[in-house]
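Colleague: I'd like to learn how to read a ligand site and the strands around it. Could you walk me through this one?

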Amino acid sequence: MTAIASLTAPEPHADLNTLSDADFRATIGRWIATNYPQELRSPPKRLHAAEAMPWYKILSLQGWVAPGWPREHGGMGLSPSKLLIMFEEMERYGCARLPDTGLTMVGPLLIAHGTDAQRAYHLPKILSGEIVWCQGYSEPNAGSDLAALRTSAVREGDQWVINGQKIWTTLGMDAQWIFVLARTDQQAAKQKGISFFLVPMDTPGVKVRPIVNIDMHDEFAEVFFDDVRIPADSIVGEVNSGWTTAKNLLGFERLFLGSPKQSEGALDHLERLCDHLGKSADYASLLNGLRMELEDHKSFYKTFADKVRRGETLGPDVSMLKINQSALYQEITDRILEVAGELGTLAGPLLDAPTLYPGSVFLQARPTSIYGGSSEIQRNIVAKQVLGLGR
Ligand SMILES: Cc1cc2nc3c(=O)[nH]c(=O)nc-3n(C[C@H](O)[C@H](O)[C@H](O)COP(=O)(O)OP(=O)(O)OC[C@H]3O[C@@H](n4cnc5c(N)ncnc54)[C@H](O)[C@@H]3O)c2cc1C
C-alpha cells in the first residue's frame, strides 16, 4: 500500500528522511515528473549553465538542489541510501546534469574545511544558483600526474598572487568563480607544496579561452592567470595542505562515474537507429550480446551501490566499475557508428529522424575513458591497490 506521504507533494524544505525508501522514491519520481522542464529532457549534450538554470532554480526553491549537504547548511541531509535513490530517479527521468561543481565539490569542501566567513558568503550563492563554479586542477603538463602542476601562488602582504594556466576547465566560460590548485612551496615534495584557492573569474589578470571539442561543443576552456591578486583569506584550509583537501573531495562521485545510465541511453539509441534503418534483424545477435553485457554491468554497479546504501566506504576496487562502464559505453557507440555508416559523419541529428544523432553519440562517449581518471590510471590503481602488484 502506498503511504500518504508519497501521495502528497512535499512541502519545500521538508525533511524526507523519515519516509521509507519506497515512499521516498515514489515521492521524488512524481515530483520530478510534475516539475521537470520537458524541453530539457535527455539533452544530447551537456547543457551550458544558462540552459540548465531553470531546472537548478526549481530544485533550489524546493530545497532539493543540494541533497547531500547537511540540513543546517541548506541541503536535504539525505542518508546515502536516499541520496542514491534521488540520483537514480533523476537519471531515470533524463534530467539534465546541472552546473554542479559548486554543489558537489566547493560546497562540501567549504562545509568540511572552510572558514565561517567562506561558508556564509559562498554556500547561499551556490544554493540559489547565483554563482556557478568551475574546477581548475588540470594543466597542460599536469593531468594524470596532477601533482606536477606549476601554477604558482605567492604571498605578497595581504594578498596571494597567482600565475599559470589551467586547461580542460568544464563550464569555464559560464562560471563566475573557479577553485584553483596552485603551488605555494616550490621546494617541497610534489604533493606537499600545493594549496587550494577560491578565485572570482572577473579578477584582473584572469583570461578564459573556450575550447571547442570535436563535436563542435564549447564545453570547456583554458584559463590563464597573469599576476592575479586575491585576498589572503581566499585560501581554503592550511597553506600547503591543498593536495589532501583535493583528494578528500573524491567520494560518491566515483560510483556515479560507473553508472550504467550512459550505456543504457546509448543502447537505446542503437536499437532505435537499427529500427529506423531497417537493420534490426541483421544486428539481432549483436544487440542481444550488448543487452547481456549491459545487464552484467548493471549488476556490477548494484554491488557497489548496495555498499553505499549500507553506509560503507567505497574502496579502490570501484575503479573497475569505471573501466567497465567506459569500455561498454564506447563499445556500444562504436556499433552505432558502424550501423550508421556514412550517416555517422553527421554531428547533428539525421534529417529524417531528429532524435537520432549517431555521430554525436559516438563522439560523446570518447572522453569517458579520460575524465575522472583515465582508464589506464584506473587500471594502475586496480593493479597496485586491489591486486597488490608492483609493490
Ligand atoms: C570532458 C572532460 C572534462 C574535464 N573537466 C575538467 C575540469 O573541469 N577541470 C579540470 O581540472 N580538469 C578537467 N578535465 C581534465 C582531466 O582531468 C584530464 O584530461 C585527465 O586527468 C587526463 O589528463 P591529460 O588530459 O593531461 O592526459 P595525460 O595525463 O597526459 O595522459 C595521456 C595518456 O597517457 C596515459 N597515462 C598517463 N599517465 C599514465 C601512467 N602513469 N600509466 C599509464 N598510462 C598513463 C593516460 O591514460 C592517457 O591515455 C576534463 C577532461 C575531460 C575529457
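Modeller: Start with polar contacts, meaning pairs of N or O atoms within 3.5 Å; within protein, one must be able to donate a hydrogen and the other to accept it, and residues adjacent in sequence count only if both atoms are side-chain atoms. Here a polar backbone atom of Trp168 sits 3.0 Å from a nitrogen atom of the ligand. Keep in mind that this is a predicted model, where local features need pLDDT of at least 70 and side-chain atom pairs count only at pLDDT 80 or more, while totals for chains, interfaces and linings use all residues. Residues are numbered from 1 along each chain as its sequence is written, and side-chain values use heavy atoms, with hydrogens and water left out.

Colleague: How many residues surround the ligand?

Modeller: A residue is near if one of its heavy atoms lies within 4 Å. That gives 16 residues, with Ser144, Trp168, Thr170, Ser374 and Glu376 the closest. By type, the shell has seven nonpolar, eight polar and one charged (Ala, Val, Leu, Ile, Met, Phe, Trp, Tyr, Cys and Pro are nonpolar; Asp, Glu, Lys and Arg charged; the others, Gly among them, polar).

Colleague: Which elements supply the shell?

Modeller: Elements are DSSP runs numbered from the N terminus: helices are H or I, at least four residues, and strands are E, at least two. Strand S3 (159–170) and helix H12 (375–386) each give at least two shell residues.

Colleague: What does S3 pair with?

Modeller: Pairing takes at least two DSSP bridges. S3 has five bridges to S2 (residues 152–156), antiparallel, and nine to S7 (residues 220–231), also antiparallel. Val154 faces Val161 in S3, Ala153 stands opposite Ile162, and Lys166 stands opposite Val223 in S7. In the S2 and S3 hairpin, with two residues between the strands, Gly157 has a positive phi near 60°.
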